[in-house]
Amino acid sequence: MMFRSHNSQQRSITGRVYLSTTGNLVPAQIHWDHHGRIEQIQRLDTRTKDLPIILPGFIDEHVHGANGHDVMEASWESWQAISEALARHGVTSFLATTITAPWDDLERVMACANEFPQHPHHNLIGLHFEGPYIDPAYKGAQPQEAIRPIAIQEVQSIVDRFQSATVPLRLMTISPNVPLSGEVISWLRQQGIHVNLGHSGANREQTLQAIAHGADGITHLFNAMKGLHHRDPGMVGVGLITDELWIELITDGIHIHPDIVRLVFHVASSRIILVTDGMSAIDCPPGKYHLGQWLVNVDEEAVRLDDGTLAGSILTPDQSIRNLLQWGFSLREIVHGWCEAPAIRLGLRGYGRIEKGYYADLVQLNQDYQVMGTLKHGQWISPPHG
């Protein structure tokens, strides 16, 4: 099995290009070299709006599946299918996200990450372990029986398994109010692995202690955590005001009300990382689908367990953009959240912007912000259509 990029000698694309230096759409032609790095952005002397829109490729650090496949299937074929489905929605880099699961299931994920074929134009760039070290009281759609107490040696063994993995472990979500969380956060950060705080009833002090140990993000703010209270700010309150934390937001209009999205952008726009928390039902009709070991219910809008608990989403980045534009957000704010912020947070140098010297990871969209095609390092990973 090999990732199916669509090879050609094309080294340029024309459209209304999002210039990262100005935040504007400008008629231009982007040229890149044989390594896929942008050499020149040549402005065009035209005012036509008939050209396609060109944005930086979307980076999703939190997605569980797509196209009927789940990351926990831990097979080359399923991860390939997810990758190709996400490419159709403009995703040029993503972290395949696990859920809390029995150790044998996590072992299979680690084995697949070590054996997955390398390819320079693949959009799967790493793993995000969401759990299993979380607060059972705020498990959300994570299975209670698979939640584990932190064991330092176990965490070390997980990281050791990824030393030479083709799909490295880049991010873990940990609850800051479980025993040994501070120690394991410190150790993970020393290994270069980012840590999100999530699935937790942590109070303000526990959250601040986790930040002091090196935690640098919050998983899907407001969801699966203790709510904000004016006398008890908790993890949400600390996340809103703390410059050291990146904030994941799911902008499907279901996980968070648009007014609350506006509030978060108002106080922390530079730290927002937009994510989908998407799952296997992306690009599939309503029905029952897998999220890890769960069989969940999917309708036209949302994913829920039988008890009504939200269980991921069927959001895609392009739909997120359409939502945010409809809610009144600027394209600059949106591109920062989908492209620039995750690239900065994950240390992806040369990604997230359309600028000379950056990779030609680009999304071609029509005037309605529907994806037409996706380029990774100057190669089509989802060819133009429409």
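Colleague: How many aromatic pairs does the structure hold?

Modeller: It holds 5 aromatic pairs. This is a predicted model: local features need pLDDT of at least 70, side-chain atom pairs count only at pLDDT 80 or more, and totals for chains, interfaces and linings use all residues. Residues are numbered from 1 along each chain as its sequence is written, and side-chain values use heavy atoms, without hydrogens and water.

Colleague: What makes Trp79 and Phe116 a tilted pair?

Modeller: Their centres are 5.7 Å apart, with 50° between the planes. Rings of Phe, Tyr and Trp (its six-membered ring) pair if their centres lie within 6.5 Å; planes under 30 degrees apart count as stacked, over 60 as edge-to-face and the rest as tilted. Trp79 lies in helix α1 and Phe116 in the loop between α2 and β9, so the pair ties together parts 37 residues apart in sequence.

Colleague: Why is the pair of Phe265 and Phe329 called tilted?

Modeller: The ring centres are 4.6 Å apart and the planes stand at 50°, so this pair is tilted.

Colleague: How do you know whether Phe265 is buried or exposed?

Modeller: Buried means under 20% relative accessible area, exposed over 50%, partly exposed in between (1.4 Å probe, protein chains only). Phe265 has 5% relative accessibility, so Phe265 counts as buried. Phe329, at 10%, is buried too.

Colleague: Which residues touch the most other members of the largest nonpolar core?

Modeller: Leu55, Trp79, Leu127, Phe129, Leu188 and Leu249, in a core of 91 residues. A nonpolar core is a set of buried Ala, Val, Leu, Ile, Met, Phe, Trp, Tyr and Cys residues joined through side-chain atoms within 4.5 Å. A second, separate core has 14 residues, including Val17 and Leu375.

Technical notes: Helices (H or I, at least four residues) and strands (E, at least two) are DSSP runs, numbered from the N terminus.
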